[in-house]
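Colleague: I would like to go through the strand pairing and the charged side chains of this protein. Please show me the structure before we start.

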Amino acid sequence: MTMRCKAWALAAALLAGAAPALAEEKVFGWVEKALVEPWGVEVKAKLDSGALTSSLDARDIERFERDGDRWVRFRLKLEDEESGEVFSERLELPLYRSLRLRGAGGTDRRPVVLMKVCIGDIIYEEQFSLRDRGDMNYPLLLGRRTIGHLGLLDVRETFLSEPRCDDDSPLVEHDPEEEEGVEDP
């Protein structure tokens, strides 16, 4: 058997072994419904593989200090997709980090907090940069850090899963060690 044939045989064997594992992966579309926890507010979420960090629509964002630590105060204003009601809540959370984004419009600094979101039947604690997304189609954008926990992304499809989380749903806690060596553009 030639070296080339051996390489093809090895590749075929590896792919055959990986096929069952890939078949077990959950598949999500480029737009899914998600629940912002702990309130269970249902919103449309865009899964954006071009973004590293997830983003959440937040208004009236203020940074402040509490007991020598950096915090952020903001207001969520989300329309619940299921009920049509507007959910509004003021939050104060520790500032996880600051994110500096560079784009065509210049440089933007955004606060990042840890929050929980339900996608499918699992609750994920993730980093969310806070930004007024009122002029955007989707109040929630899920970046690669989050998508990497979900499963596979099928960019041809939308709404492949329904959020079904409750008190017994598994929680995937944020792991700061996953961030090492990874930066936003």
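This is a predicted model: local features need pLDDT of at least 70, side-chain atom pairs count only at pLDDT 80 or more; totals for chains, interfaces and linings use all residues.

Colleague: Which residue in E10 stands opposite Cys118?

Modeller: E9 is also joined to strand E10, residues 122-131, by eight bridges in an antiparallel arrangement. The two strands form a hairpin with two residues between them, and Gly120 in the turn has a positive phi of about 65 degrees. Across this pairing, Cys118 faces Ile123.

Colleague: How many bridges pair strand E8 with E9?

Modeller: E8 spans residues 97-103 and forms a hairpin with E9, with two residues between them. One of the facing pairs is Arg97 and Val112, the latter in E9. The sense is antiparallel, and the number of bridges is seven.

Colleague: How many residues apart are Glu92 and Arg73?

Modeller: Their side chains meet in a salt bridge of 2.8 Å, N to O. The pair links distant parts of the chain, with Glu92 in strand E7 (residues 86-94) and Arg73 in strand E6 (residues 69-79); the separation is 19 residues.

Colleague: Why does Glu92 count as partly exposed?

Modeller: Buried requires under 20% relative accessible area and exposed requires over 50%, with partly exposed in between. Glu92 falls in the middle class because its relative accessibility is 34%.

Colleague: What is the relative accessible area of Arg156, which meets Asp154 in a salt bridge?

Modeller: The N to O distance between the side chains of Arg156 and Asp154 is 2.9 Å. Asp154 counts as buried because its relative accessibility is 15%. Arg156 is exposed, and its relative accessible area is 68%.

Colleague: Which residues do salt bridges with shared partners join into one network?

Modeller: The whole structure has 11 salt bridges. Those that share partners connect one network, made up of Glu62, Arg66, Arg73, Arg90 and Glu92.

Methods: Residues are numbered from 1 along each chain as its sequence is written. Side-chain values use heavy atoms; hydrogens and water are left out. Two strands pair if DSSP finds at least two bridges between them. Helices (H or I, at least four residues) and strands (E, at least two) are DSSP runs, numbered from the N terminus. A salt bridge is a side-chain nitrogen of Lys or Arg within 4 Å of a carboxyl oxygen of Asp or Glu. Buried means under 20% relative accessible area, exposed over 50%, partly exposed in between (1.4 Å probe, protein chains only).
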